[in-house]
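Open the model in a viewer and keep the selection tool ready.

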Amino acid sequence: MNEEQLKNLVQQIIEKMSSDNNQKPAAGGSCNNFSGAACSTVISDEEVPDIMSYDYTKHLDIPNAANPEEYLRIKAKTDARLGVGRCGPRYTTMSYLRVLADHAGAMDAVLNDVPDDFILENGLFSVSTVCKSKYEYMTRPDLGRLFTKEAEATIKSKCKMNPDVQVIVGDGLSSTAVEANIKDLLPSLEQGFKVEGLNAGVPFFVKYARVPAMDAISAMIKPKVTIILLGERPGLATYASLSAYITYDGYVGIPEANRTVVSNIHKNGTNAVEAGAHIAGVVKKMIQQKASGTGLQL
């Protein structure tokens, strides 16, 4: 749902509420917006509140709650949709519109591509798996782990061979997560590797990447540790969550149990800078123990 559609929906709901209450406002009158503040009956671009700018974790959506302070204390600690309010059998306007807006954000995260400018601005070169379109990527997960001969040649020509650690950025199922976190996460990782005394390879971006794409890359350039930073499948609570999948001595067909995952990297989870420092420490332990996944002792 775009901004214009959302605006029209708000207009329709307000008109319906006024009609139901037989309180159709006169020109220049007022009504209630999401936060309870007065708004004009004539909706313009300047007057429509941005529902996504409202901090939902601080919104008390249950009238006459027995213990509103405790409700807000719990809600402030999670993006989960707790205590959704209702009016009769229906959601409240605030809850309903927020679900629609979050759903639109999740769809955008899946269907949009990471912009080329963003990739260049972060010092990454780009290759693609054999998937030729977003549709093929969505319907053929097996192709998101394979590379053409040309892509393999590009990777081998631009990357260091046998580094201690190789970082890959993949779009995965959320381009929003990549754009929201990589700008802070990559510098944090680079600094963390320096502190740990690790020789890092040349990071690059893989379009239409599934997690096992990292195994094919491990087989090409033989790093001790391979990391793929990947946008996770978006939900309605957050669509900007990134995960780091990490393997020691990766190879095609490696068991999933051999992957270590640092997940929930986003502004309301583990922030990108802290995640970078933590991942660098994990990589150091992997090299010391020559293990990852369930074989790693953290």
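Select Tyr137 and Arg210. The charged end of Arg210 sits over the Tyr137 ring, at 4.4 Å from the ring centre. Bear in mind that this is a predicted model.

Next, select Phe125 together with Lys158. Here Lys158 lies over the face of Phe125, and the distance to the ring centre is 5.6 Å. Is Phe125 buried or exposed? Its relative accessibility is 15%, so Phe125 counts as buried.

Searching the whole structure for aromatic pairs gives two. Phe125 and Phe204 form a stacked pair, because their ring centres are 4.9 Å apart and their planes meet at 15 degrees; planes under 30 degrees apart count as stacked. Now colour the two strands involved: E5, residues 125-128, holds Phe125, and E7, residues 204-207, holds Phe204. The pair therefore ties together parts that lie 79 residues apart in sequence. Phe204 has a relative accessible area of 0% and is buried.

Nine helices and 10 strands make up its secondary structure.

Finish with the surface. The chain exposes about 15900 Å², of which carbon and sulfur atoms supply 51%.

Notes. Residues are numbered from 1 along each chain as its sequence is written. This is a predicted model: local features need pLDDT of at least 70, side-chain atom pairs count only at pLDDT 80 or more; totals for chains, interfaces and linings use all residues. Side-chain values use heavy atoms; hydrogens and water are left out. Rings of Phe, Tyr and Trp (its six-membered ring) pair if their centres lie within 6.5 Å; planes under 30 degrees apart count as stacked, over 60 as edge-to-face and the rest as tilted. Helices (H or I, at least four residues) and strands (E, at least two) are DSSP runs, numbered from the N terminus. Buried means under 20% relative accessible area, exposed over 50%, partly exposed in between (1.4 Å probe, protein chains only). A charge sits over a ring if NZ of Lys or CZ of Arg is within 6 Å of the ring centre and within 35 degrees of the ring normal. Accessible areas come from the Shrake-Rupley method with a 1.4 Å probe; for residues, only the protein chains shown count as cover.
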